[in-house]
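Colleague: I'm new to this one. Can you walk me through it while I look?

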Amino acid sequence: MARLQSQVRMKDVLRDYFTGLASPLAWCTSVGPAELLRALGFQVYFPENHGAMLGASRAAHKHIPRANNEGYSNEICSYLTSDIGAWLNRETPLTAAYGLPSVPRPDLIVFNTNQCREVAEWFNYFGRQFSCPVVGVYPPRHVEEVTRADVDNVVSQFRNLIAVGEQIIGRELDPQRLREAVRLSREASQLWKELLETARTHPAPLTFFDGTILMAPVVMLRGTEACVEFYRAARAELQALAAHGDAAVPGEQARLYWEGMPIWGRLRSLAEIFSGCRSSVVASTYCNSWVFDDFDSDNPLESLAIAYTQIFINRGENFKLSYLKRMIEDYAIDGMLFHDSKTCFNNSNNRFGLPQRLQQETGISTLVIDGDLNDLRFFSDERARTKIETFVEQLSARAV
Ligand code: SF4
């Protein structure tokens, strides 16, 4: 049984969303400009969420080899290979969950390489499959700070996207509708942020594993009233739990941070391992990636350009180091976990010495967990359990 009422309510929100998907419909990357598409009049579908569903339902292993046979390597993004493989196998978890016969047909496909190049290959594949227009937004990558020139560059690409969208929809973008979509997106994002911040309380009322479930609406429904309503109630629930001292992990002793992708097929078992050693994963870069402080309905295009270009995954190592140091302070973190996700080097931040620099500058203990977002052949339950239990024991010994 779900511990949080919000997890139960979310099922209805997602059912309404998926069963309501209809043309005109755009596919969009998860940190792409969904607000622009909504303001143009598109419904928006997110293939990365579908990839995560394939991982969480442990169906990915059936589909990845099929994509490999099409020439999509074993070593590239397993969202991509799961999703393309599922398409080729004519299967989708949306059928069992929501009665959808297949993924919804797009009228427009939009990606933003702010997160990785892989989305371009993935979304272009489906552009060819559906003979559908594809628009890519290519912002500057790995920036330490976002400059005026960067913003102008991205805004001009957004204007190109708007022109294509207007042609498909058959009318001009209504500026008021765009302001409203950005306003709703900002409100949902702020509520999501405040919900996550309840985990600053000792003990934390929610963990990273709860967050990976509760984040679905802020990914898929940004820019809608339904999203705002959901998080208003969810934040209230978490704030009440925090005020009553309700612990997500009873007897919380160690507070940990998860850096990197979730391991979708092992959320529950990992949550149990951490809970079993009274450690709570109280914060993560991943869940915080849908906090967009810079959305501004008075300046919609520029603020979308700023917010989507300065996401963590698109930043330089200096920014990442300072961000993680801030999170350690804000959440009173005892130890940092870096997930080395074998098919997503973009979101594996242990490979260029970041854990070591963090350790040197803050004294924090770090642990690298080998795994993958969807491809469980890269994950060993036993090895992960042993590493985590040993790490938490060492943290406890340090604390004595
Ligand atoms: S960021 Fe990683 S997981 Fe996400 S689409 Fe890109 S390669 Fe895949």
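Colleague: Let's start with A332. Buried, partly exposed or exposed?

Modeller: A332 counts as partly exposed, because its relative accessible area is 31%. This is a predicted model, by the way.

Colleague: Where is A332?

Modeller: A332 is in the loop that runs between α16 (317-330) and β7 (335-341). Its phi is positive, about 50°, although A332 is not a glycine. Most residues other than glycine have a negative phi.

Colleague: Which other residue has a positive phi although it is not a glycine?

Modeller: R90, with a phi of about 55°. R90 is in a loop too, between α5 (78-88) and α6 (93-98). With a relative accessibility of 60%, R90 counts as exposed.

Colleague: And the peptide bonds, which one is cis?

Modeller: One of them is the bond from S23 to P24, with omega near 0°. P24 is in the loop between α1 (5-19) and β1 (25-28). Another cis peptide bond joins H202 and P203, where omega is about 0°. P203 is in the loop between α9 and α10.

Colleague: Tell me about α9, then. How many residues does it have?

Modeller: Helix α9 has 23 residues, 175-197. From first C-alpha to last, α9 reaches 33 Å, close to the 33 Å expected at 1.5 Å a residue.

Colleague: Switching topic: what's around the ligand?

Modeller: The residues there are C77, Y79, Q115, C116, E118, V119, W122, M261, I313, C344, N346 and L373. They divide into nine nonpolar, two polar and one charged.

Colleague: Which helix gives the most to that shell?

Modeller: Helix α7 (residues 118-130), with three residues.

Colleague: Okay, what about G165? Buried or exposed?

Modeller: G165 is buried, because its relative accessible area is 0%, under the 20% cut-off. G165 is in helix α8 (residues 148-169). Setting aside neighbours within four places in sequence, G165 is in contact with L40, F42 and L108.

Colleague: And how far is G165 from E197?

Modeller: Their C-alpha atoms are separated by 37 Å, and the two residues are 32 apart along the chain.

Colleague: S280 next. Where is it, and is it buried or exposed?

Modeller: S280 is in strand β6 (residues 279-284). S280 is buried, with a relative accessible area of 0%. Beyond neighbours within four places in sequence, the contacts of S280 include A204, T207, V249 and E252.

Colleague: Now zoom out. How many helices and strands does the protein chain have?

Modeller: There are 18 helices and eight strands. Of the 400 residues in the protein chain, 58% are buried.

Colleague: What's the radius of gyration of the protein chain?

Modeller: The protein chain has 20 Å, which agrees with the value near 21 Å that a compact globule of 400 residues would have. Along its principal axes, the C-alpha trace spans about 65 × 50 × 40 Å.

Note on methods
Residues are numbered from 1 along each chain as its sequence is written. This is a predicted model: local features need pLDDT of at least 70, side-chain atom pairs count only at pLDDT 80 or more; totals for chains, interfaces and linings use all residues. Side-chain values use heavy atoms; hydrogens and water are left out. A residue is near a molecule or strand if one of its heavy atoms lies within 4 Å of it. Helices (H or I, at least four residues) and strands (E, at least two) are DSSP runs, numbered from the N terminus. Ala, Val, Leu, Ile, Met, Phe, Trp, Tyr, Cys and Pro count as nonpolar, Asp, Glu, Lys and Arg as charged, and the others, Gly among them, as polar. The radius of gyration is taken over C-alpha atoms; the globule rule is 2.2 Å times the number of residues to the power 0.38. Buried means under 20% relative accessible area, exposed over 50%, partly exposed in between (1.4 Å probe, protein chains only). The expected span of a helix is 1.5 Å times one less than its number of residues. Contact means heavy atoms within 4.5 Å.
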